[in-house]
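I'm keeping these notes as I click through the structure. Here is what I looked up, one stop at a time.

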Amino acid sequence: MSKSNAWSDPSEVGEAEVARMAAFLEERSRSQDMQTVNISLCKILDPHPGEYILEVGCGSGVLCRLIAPDLQPAGEMLGLDISPHFVEQARKYALQPGVASQIKFETGPAESLTYPTDSFNAALAARLLLHAKDPDSVVREMMRVVKPAGRIVVMDWDFDTVVVDHPDRELTRRLLTWRSDHHGGDNWSGRKLWRRMVSAGLQNLTVHPVVTVARAEEDGLTQSLWRAAQVCRDGGAISAEEHDDWVLYLKERIQAGTFFASINYFIIKGFVP
Ligand SMILES: C[S@@+](CC[C@H](N)C(=O)[O-])C[C@H]1O[C@@H](n2cnc3c(N)ncnc32)[C@H](O)[C@@H]1O
């Protein structure tokens, strides 16, 4: 299982590091593969004008900014993050031209929300439960603060679903498995979401798998693969030479237009009883 993870407790890193993490989320959100999954998530959430929607673990506020225009004219988006530095960053990005004005950001842990019962029309947790210290409490709290018949939407990737077209199967498997087990939270969170939502008592559940494909250097998954190779090398799972060979091969494939990698995200939607 994963060891240290700055995403699950950004209070352990300083303001400058959180600014860097927020810039990373912003850059990743502009990549083709991330846009695919983020747009799918918004369609499944199905926001309507006048609704009041909560995102827990909002990070730099990418999804809040995407959802907010659909709530206009009278609705509001509220982003919550455990890190005050992330909230600061999210407020800064929300000041960009063209961003809907009905977005607020607040600090707090998703496991114990301060909002009254039945406050929101819907709540979402995207790429949060894999990092949260107590994901079941997060789902329970989202259910408490959403009105009866309101929607709860959760999404995570499952890193063991990564496929990479590389000729060295043994090295690729070793690298991906080590990354999945040792870096960046619970990388099996995606497959656990269904169980969490059923166990919490949500109704009319639907599962929406989204396979995102990376073919370019700037795709979010491509960047995650370079990072995976680095952490495996630094953690001693692969040698420096194996790192360089693995990455070089894939970079050549990108240049040739023949690079292919993918990962599955799982989006689960349920309704509060
Ligand atoms: C990987 S980021 C995802 C951000 C955003 N949801 C997105 O998809 O772009 C995870 C965020 O969850 C926040 N976080 C981690 N644990 C949390 C918790 N227990 N309660 C609230 N936020 C949390 C982190 O500070 C970080 O900003």
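Ground rules first: two strands pair if DSSP finds at least two bridges between them. Helices (H or I, at least four residues) and strands (E, at least two) are DSSP runs, numbered from the N terminus. I'm looking at a predicted model, where local features need pLDDT of at least 70, side-chain atom pairs count only at pLDDT 80 or more, and totals for chains, interfaces and linings use all residues. Residues are numbered from 1 along each chain as its sequence is written.

**Entry 1: strand E5 and its partners.** I started with Arg151, which stands opposite Phe271 in E7. Ten bridges join E5 (residues 146-164) to E7 (residues 261-271), and the two run antiparallel. E5 also pairs with E4, in the parallel sense, over six bridges. Which residue in E5 is the bridge partner of Ala126? I found Met155 there. Phe120 stands opposite Val146 in E5. To get from E4 to E5 the chain goes through helix H5 (residues 135-145), a right-handed β-α-β crossover. Right-handed means that, with the strands pointing away from the viewer, the path from the first strand over the helix to the second runs clockwise.

**Entry 2: strand E4.** Next I checked burial. A residue is buried if 20 or more other C-beta atoms lie within 10 Å of its own, exposed if 12 or fewer, and partly exposed in between, with C-beta atoms placed from the backbone. In E4 (residues 120-126), six of the seven residues are buried. E4 also runs parallel to E1 (residues 52-56), joined by four bridges, and Ile53 has Ala122 in E4 as its bridge partner.

**Entry 3: single residues.** Is Trp157 buried or exposed? Trp157 is buried, because 23 other C-beta atoms lie within 10 Å. Trp157 belongs to E5, and its C-alpha atom is 5.0 Å from that of Gly190, 33 residues apart along the chain. Asp118 sits in the loop between E3 (103-107) and E4 and is exposed, with 12 other C-beta atoms within 10 Å. I also noted a cis peptide bond from Gln72 to Pro73, with omega near 10°. Pro73 is in the loop between H3 (62-67) and E2 (76-81).

**Entry 4: helix H6.** I compared the length of H6 (residues 169-182) with expectation: at 1.5 Å a residue its 14 residues should span 20 Å, and the end C-alpha atoms are 20 Å apart, so the two agree. The expected span is 1.5 Å times one less than the number of residues. Leu175, Leu176, Arg179 and Ser180 are buried in H6. Down the helix axis, the buried residues of H6 fall within an arc of 125°, so they line one face; the arc is that of the directions from the helix axis to the C-beta atoms. Glu170 and Arg173, on the other side of H6, are exposed.

**Entry 5: the ligand.** How many residues surround the ligand? I got 23, and the closest are Gly57, Gly59, Ile82, Ala110 and Arg127. A residue counts here if its C-beta atom, placed from the backbone, lies within 6 Å of the molecule. The shell has 14 nonpolar, five polar and four charged residues. Ala, Val, Leu, Ile, Met, Phe, Trp, Tyr, Cys and Pro count as nonpolar, Asp, Glu, Lys and Arg as charged, and the others, Gly among them, as polar.
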